[in-house]
Amino acid sequence: MTSAERERYSRQILFAGLGEAGQARLLKAHAAILGCGALGSFQVAALARAGVRRLTIIDRDYVEPANLQRQWLFEESDAAEALPKAVAAERRVARINSGVQARGIVADVTSANIAELLDHTDHDEAIEVILDGTDNFETRYLLNDFALSRRIPWIYGAALGSYGLTMPVLPGRTACLRCVYPNPPAGAQPTCETAGVLNSITAAIAALQTADALKILAGRAECVRPRITTMDVWDGGIRQIEQPPPDPDCPACGARDFVYLKGERSAPAGLCGRNAVQIHERARPLDLERLRAALSPLGEVRANEFALRFFPHPYEMTIFPDGRAIIKGTTDIGVARSLYAKYVGS
Ligand SMILES: [Zn+2]
């Protein structure tokens, strides 16, 4: 550790739970953050400030004005540019802590690409913990399968309204997501877009997730308590219950039958209750410059190196270089597909 590092992280080194040995481990550690919204952007900022050397940040979405109320990493200029969150996060981390190597990846995590995204990151060191910053159960069950298959700890977290919960999953030691919740909840769930969310609950849950991640990254995983913590910052209730032990009959951590990882259960095309649909069937890259030239005669096109936006009234299409598109103004997948076919092609 350099003397500058010793000074910068002095308050963590003084903390007995970490000490110089713990800080030295953080300065070599690698964490992945899956989803960089309210939870993820807090986790990224906190881990970067704590000196975690390598951060792999994956998010499929772009910054919008409605994110700024709770997504700590982002600023008005990011929303004005409609920057992908992963790109904005990587840039912001560089300003927060130049000693951290952050890599933002703009991608929708699916069973088809999760191994490619998390097994072969730009960083040499393997991922030691994955923080859940996702907003939907399908991706969490996929993450649970992936993490168990690679024996990587992950920290579940979710928040809605004034309520949230978190639970660590340590393969081989604690119950997994499917031990506790065998199946994703059925039917439409309330979302932050329909029920709202306070920034204090997302920060509180993300802070607990970050603390567990720091224990793991600092080599103090034994300090992670296998508990489910629930919290409501409006009525003030905080509850903790012990996690059940791992279920020997659990299909995921018991039988190691990873149905979500195998893609036998697929993620929906919709976007977590937003008035938007994501099209991601097309798995080949797009030339955004050519597309801009083709669409410009038809109406306003805004493009940067990360995405192109087009506004066929009353919709708004954001098209990414990987061929993915988010179509705002509808929840009808058929409408979204036909817009995509009409303006992008198939
Ligand atoms: Zn299990």
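Strand E1 (residues 30–34), helix H4 (residues 38–50) and strand E2 make up a right-handed β-α-β unit. Right-handed here means that, with the strands pointing away from the viewer, the path from the first strand over the helix to the second runs clockwise. Helices (H or I, at least four residues) and strands (E, at least two) are DSSP runs, numbered from the N terminus. This is a predicted model, so local features need pLDDT of at least 70 and side-chain atom pairs count only at pLDDT 80 or more, while totals for chains, interfaces and linings use all residues. Residues are numbered from 1 along each chain as its sequence is written, and side-chain values use heavy atoms, with hydrogens and water left out.

**Strand E2 and its neighbours**

E2 has a partner in E1: the two run parallel and are joined by five bridges, with Ile33 opposite Ile57 in E2. E2 also pairs with strand E3 (residues 101–106), again in the parallel sense, over six bridges. In that pairing Ile58 stands opposite Ile105 in E3. Strands count as paired if DSSP finds at least two bridges between them.

Buried means under 20% relative accessible area, exposed over 50% and partly exposed in between (1.4 Å probe, protein chains only). In a regular strand the side chains alternate between the two faces of the sheet. In E2, Arg54, Thr56 and Ile58 point one way, while Leu55, Ile57 and Asp59 point the other way.

**The zinc site**

Four cysteines hold the zinc ion through their SG atoms: Cys176, Cys179, Cys250 and Cys253, at 2.2 to 2.3 Å. Donors are N, O and S atoms within 2.8 Å of the metal (3.2 Å for Na, K and Ca), and water is not among the atoms, so sites may look incomplete. The angles among the four donor atoms run from 93 to 120°, making the site tetrahedral; for four donors that label needs all angles to lie between 85 and 135 degrees. Along the chain the donors follow the spacing C-x2-C-x70-C-x2-C. Cys179 sits in helix H9 (residues 177–180) and Cys253 in the loop between strand E8 (238–242) and strand E9 (276–279), so this pair ties together parts 74 residues apart in sequence. Cys179 is buried at 12% relative accessible area, whereas Cys253, at 22%, is partly exposed.

**Aromatic contacts**

The model has six aromatic pairs. Rings of Phe, Tyr and Trp (its six-membered ring) pair if their centres lie within 6.5 Å; planes under 30 degrees apart are stacked, over 60 edge-to-face and the rest tilted. Among them is Phe42 with Trp72, edge-to-face at 6.3 Å centre to centre and 75° between the planes. This pair links helix H4, where Phe42 lies, to Trp72 in the loop between E2 and helix H5 (76–81), 30 residues apart. Phe42 is partly exposed at 23%, and so is Trp72 at 42%.

Phe310 and Tyr343 are also edge-to-face, 5.0 Å centre to centre with 65° between the planes. Phe310 is in strand E11 (residues 308–310) and Tyr343 in helix H13 (residues 333–343), 33 residues apart. Elsewhere, ring pairs link Phe137, Tyr141 and Tyr260 into a cluster.

Two arginines lie over ring faces, as tabulated here. The rule asks for NZ of Lys or CZ of Arg within 6 Å of the ring centre and within 35 degrees of the ring normal.

| Charged residue | Ring | Distance to ring centre |
|---|---|---|
| Arg140 | Phe137 | 5.2 Å |
| Arg324 | Phe320 | 4.4 Å |

Terms used. Tetrahedral: all angles 85-135°; square planar, octahedral: opposite > 155°, others 65-115°.
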